Structures are given as C-alpha cells and as structure tokens.
Amino acid sequence: MSSCPCGSGRPFEECCGPILAGGPAPTAEAMMRSRYTAFVRQDLDHVERSHAPEIRDDFNRGEAERVAEESEWQRLDILRASEEGDAGTVEFLIHFRRDGNDMRHHERARFRREDGQWLYVSGEVNPKGEPRRVVKVGRNEPCPCGSGRKYKACCGK
C-alpha cells in the first residue's frame with residue numbers, strides 16, 4: 001500500500017482512493033485533499049466532477065492537464081478547515097516545483113454539499129486575513145483587563 005499524496009498519512013486505498021473512484025467525501029477538507037491527490041495522479045475527471053454545476057463550464061481541462069503533467073507535486077498543507085451545515089471552507093497551501101522553480105499556491109476554497117457530495121464552488125487565491133480591529137478605550141471607561149477599575153487608574157497609567 002502506498003501513502004496517500006494528500007499528506008494524511010493514511011494509505012491511498014483508505015484515504016482519497018474511494019473518493020476519486022466516485023464515493024462521497026465525508027468533509028470539505030477530505031474533498032480538498034482528494035482534489036489535490038487527483039492533480040498528483042493526473043486524474044482530472046475527479047477535479048472536473050467535483051466542481052459545482054455553475055462553474056463546470058469555466059474549467060479549462062487542457063490547462064489543468066498541462067499543469068498536472070508539468071508540475072512536481074511536493075505537498076499539501078491544510079491551514080484551516082471549517083464547516084457550517086452544508087457549507088465548508090478550506091484554506092490550503094500547495095507546494096510544487098515547475099520549470100525548475102519551487103512554487104506555492106495559497107487559496108481559501110469554498111465548498112457546498114449537495115445530495116451528500118461536497119462540491120468546489122470558488123476559491124480566493126492569496127487570501128487576506130481578517131482586518132485587525134483596535135478598540136479605543138476612554139480614560140474613564142472600565143478597564144478591558146477586567147479589574148473593575150477605570151482604565152486611567154489601571155492599564156492606562
């Protein structure tokens with residue numbers, strides 16, 4: 001048994017293999033892992049099949065095949081994954097080598113579950129983090145540290 005290219009540490013036959021064969025992915029993250037594995041194994045039928053219907057016509061099969069063939073896939077890092085009902089988000093980093101250069105693809109992908117199947121809906125390449133918010137505390141307001149004292153008499157000295 002060979003280790004699955006997605007980096008799960010599990011054998012391919014127990015990890016992405018059944019999903020690439022048409023079985024349902026249990027989570028949005030599992031779908032993302034299987035899509036990466038499909039690129040590594042140049043099984044682009046799975047990539048195309050796992051697109052949401054509204055974006056299937058935009059899939060450039062020839063370009064995807066060229067990228068899959070010309071790239072040396074190194075690894076997939078899942079940075080964050082979350083699900084809420086039938087919607088999922090997976091932020092990932094793909095490391096690969098192409099034309100002699102080490103490259104990375106950073107994306108936050110959105111997935112949707114329809115009839116038990118997770119589908120790729122869209123992706124934001126090089127996503128930005130949440131904007132940093134700073135709360136200004138007035139001198140006479142309660143100190144945010146929870147001491148019960150005024151800010152000016154506590155952390156605002």
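Which residues lie nearest the centre of the largest pocket? The points below take up this and other features of the chain.

1. Basis. This is a predicted model, in which local features need pLDDT of at least 70 and side-chain atom pairs count only at pLDDT 80 or more, while totals for chains, interfaces and linings use all residues. Residues are numbered from 1 along each chain as its sequence is written, and side-chain values use heavy atoms, with hydrogens and water left out.

2. The largest pocket. Arg 35, Phe 39, His 105, Glu 107 and Tyr 120 lie nearest its centre, and they belong to a lining of 23 residues. The elements that give two or more residues to this lining are α2 (28-40), α5 (61-70), β2 (87-98), β3 (101-114) and β4 (117-125). The space in the pocket is about 550 Å³. A pocket here is an open set of points on a 1 Å grid over the protein atoms alone, where a 1.4 Å probe fits, with protein on both sides within 12 Å along at least five of seven lines; lining residues have an atom within 4 Å of a point. Grid points are joined across faces, edges and corners, and the volume is the space filled by probe spheres set on the points.

3. By class, 14 of the lining residues are nonpolar, four are polar and five are charged. Nonpolar covers Ala, Val, Leu, Ile, Met, Phe, Trp, Tyr, Cys and Pro; charged covers Asp, Glu, Lys and Arg; the others, Gly among them, are polar.

4. Fold and extent. The protein chain has five helices and four strands, in the order α-α-α-α-α-β-β-β-β from the N terminus on. The radius of gyration is 22 Å, well over the 15 Å that the globule rule gives for 157 residues, so the chain is more spread out than a compact globule. The radius is taken over C-alpha atoms, and the rule is 2.2 Å times the number of residues to the power 0.38. The C-alpha trace spans about 65 × 40 × 35 Å along its principal axes. Helices (H or I, at least four residues) and strands (E, at least two) are DSSP runs, numbered from the N terminus.

5. Burial. Of the 157 residues, 34% count as buried. Buried means under 20% relative accessible area, exposed over 50%, and partly exposed in between (1.4 Å probe, protein chains only).

6. Arg 33. This residue lies in helix α2 and counts as buried because its relative accessibility is 17%. Leaving aside neighbours within four places in sequence, Arg 33 is in contact (heavy atoms within 4.5 Å) with Cys 6, Gly 7, Ser 8, Cys 16, Leu 76 and Ile 78.

7. Met 103. Strand β3 holds Met 103, which is partly exposed at 36% relative accessibility. Not counting residues up to four places away in sequence, Met 103 touches Ile 94, His 95, Phe 96 and Arg 98. Its C-alpha atom is separated by 10.0 Å from that of Glu 72, 31 residues apart along the chain.

8. Two positive phi values. Most residues other than glycine have a negative phi. Gln 42 has a positive phi, near 55°; this residue lies in the loop between α2 and α3 (44-49) and is partly exposed at 43% relative accessibility. Asp 115 has a positive phi too, near 50°. Asp 115 lies in the loop between β3 and β4 and, at 84% relative accessibility, counts as exposed.
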